[in-house]
Amino acid sequence: MKILTFTGRTPSEALKKAKLEVGDDGMLIETREIQKKALGREPLYEIVIGIDGNDIHASYPNKPKPLDKQKPLRQESEDVLYDISSAAAQISEIANVTDPLYEYGVPRKTASSYEPKELKEIKSEINKLGDKVKLIQNMFWDEKAPDLEHQIPSEFAEIYRLASQSGMDRDHLDGIMRMTLEHMPLKMRENSSTVKRYFQTLLRKMIPIRRESVPTPGTKKVIMLVGPTGVGKTTSIAKLAARYSYLMQKKYKVGLVVLDTYRIGAVEQLMQYARMMKLGIETVVDPPEFSTALNSLRYCDYILIDTMGSSPYDKNKIEKIYECLDANDTEYNIDVVLVMPSSIKYEDLKLTYENFSTLNVDTVMFTKLDETMGFGNIFSLAYETKSPISYFSVGQEVPEDLVCASSDFLVDCLLNGFNRSKA
């Protein structure tokens with residue numbers, strides 16, 4: 001295949017140049033912006049066109065005709081099936097130019113008479129690429145299709161791959177696919193991008209989220225973080241304390257309670273944060289001291305409780321936390337937040353949740369989102385347990401790397417990967 005590049009002030013201008021040069025035989029491989037628009041400088045776009053050997057010889061007769069070598073179609077690998085969708089998306093982006101001549105100073109009211117011809121050419125390119133995509137998809141889909149009662153159209157291949165590779169539980173994914181096939185209008189199944197948008201909307205509606213709320217006048221919020229060792233509970237406590245103290249519209253008074261006296265380092269770390277942020281802090285050794293510590297911080301709007309980390313199998317430590325909760329004879333309701341890392345598989349998340357569920361978990365917080373490539377495990381846990389998600393921790397920085405949970409953010413991570421700029 002011969003690779004050619006063409007430039008223009010807009011993608012449509014570059015495409016027009018390509019068509020004048022190579023006709024309808026080229027395939028659009030990539031579109032990119034190589035020069036951004038600035039003061040006194042026009043933007044510049046480049047498109048990459050691929051032409052097979054026979055077409056090169058027809059367009060450029062002086063060049064020697066290439067040998068008739070061709071890869072076996074199966075050897076083009078499954079990457080062809082999925083990567084070609086990016087080219088389709090780029091052509092679709094070009095097609096979204098509704099008034100292409102308006103960019104060159106032609107008034108909008110006169111541009112309409114020129115639209116049909118240019119749009120017709122673009123639609124022709126899209127249709128050609130769409131036919132090639134469906135041809136390749138159909139060749140590979142039979143070996144990859146899940147074992148469902150209903151046959152899944154080839155347009156679902158990409159979305160099924162993304163979801164399965166994200167770590168989502170297979171039973172959940174197949175169930176959602178059945179639901180999608182049952183309720184999705186036939187008109188929307190015509191291309192993979194429409195399927196993906198529909199699937200995103202469906203996933204968002206299935207994720208329980210607890211939106212952040214603030215204390216009402218005369219009340220306070222008491223939040224206890226529990227979870228396995230090493231998941232980042234102490235750092236998360238510091239992020240929450242900084243958020244409530246400095247980052248919200250009102251600067252709330254925050255107090256800390258430490259149950260993690262087994263780890264001297266954790267106590268010293270929170271003591272240091274408390275000094276830096278000028279927060280009250282209390283330590284608890286035995287359950288009877290728990291209510292006393294809460295009452296000592298009654299002037300605070302938020303009371304954050306750090307607990308000892310434990311293996312999900314260490315029932316003695318989990319029981320110790322339960323005894324503190326049971327010993328609470330104050331008027332304060334305690335929100336129990338289970339903190340878990342996003343970097344472990346769904347089965348381990350589920351087991352951890354089940355073992356800590358004796359503490360009556362209210363919400364779940366996930367940490368280490370910057371240390372994993374798959375987020376389907378988070379979706380599956382929330383979908384299975386119906387326990388709402390409250391926060392995401394996306395790094396080690398205090399207090400920046402804390403995100404209030406949203407279904408949009410999680411689904412975007414699941415299908416497109418973690419992007420810190422969107423956090």
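Analyst: Buried here denotes under 20% relative accessible area, with exposed meaning over 50% and partly exposed lying in between, for a 1.4 Å probe and protein chains only. The model is predicted: local features require pLDDT of at least 70 and side-chain atom pairs count only at pLDDT 80 or more, whereas totals for chains, interfaces and linings use all residues. Residues are numbered from 1 along each chain as its sequence is written, and side-chain values use heavy atoms, leaving out hydrogens and water.

The side chains of β5 are divided between two directions: V254, L256 and V258 point one way, G255 and V257 point the other way, and all are buried. Strands (E, at least two residues) and helices (H or I, at least four) are DSSP runs numbered from the N terminus, and two strands pair if DSSP finds at least two bridges between them. By this criterion β5 has a parallel partner in β7 (residues 302-306), joined through 5 bridges, with L256 opposite L304 of β7. β5 is also parallel to β6 (residues 280-283), over 4 bridges, and there the bridge partner of V257 is E282.

These pairings belong to an open sheet of 8 strands with mixed pairing, ordered β6-β5-β7-β4-β8-β9-β10-β11. β6 and β11 (402-404) are its edge strands, each pairing on one side only. From one strand to the next, the twist averages 20 degrees. Further along the order, β8 and β9 (residues 363-367) run parallel and are joined by 5 bridges, with L338 opposite V364 of β9.

Two helices lie across this sheet. Angles run from 0 to 180 degrees between N-to-C directions, and axes are lines fitted to C-alpha atoms, for helices over the stretch in contact; contact means heavy atoms within 4.5 Å. Helix α13 (residues 346-356) lies across β4, β8 and β9 at about 155 degrees to β8. Helix α14 lies across β8, β9 and β10 (389-393), and its angle to β10 is about 165 degrees. α14, residues 376-385, is mostly covered, as 7 of its 10 residues are buried: G376, N377, I378, F379, S380, L381 and A382. Just after α14, K386 adopts a positive phi of about 60 degrees.

G227 sits in the loop between β4 (221-226) and α9 (233-247) and is buried, at a relative accessible area of 0%. Leaving aside residues up to four places away in sequence, G227 touches K233, M308, G309, S310, L338, V339 and F356. G227 and D306 are 79 residues apart in sequence, while their C-alpha atoms are 10.0 Å apart. N328 occupies the loop between α12 (315-326) and β8 (334-341); its relative accessibility of 18% counts as buried. With the same exclusion of residues up to four places away, N328 touches F290, S291, L294 and I334.

Elsewhere, an open sheet of 3 strands has antiparallel pairing and the order β1-β3-β2. Its edges are β1 (2-8) and β2 (27-35); each has a single partner strand, so one side of each lacks a neighbour in the sheet. β2 pairs antiparallel with β3 (residues 44-51) over 7 bridges, with M27 opposite G50 of β3. Helix α1 (residues 11-22) lies across β1, β2 and β3, at about 135 degrees to β1.

For the whole protein, there are 15 helices and 11 strands. Of its 423 residues, 47% count as buried. Among contacts between residues at least 6 apart in sequence, 71% join residues at least 24 apart.
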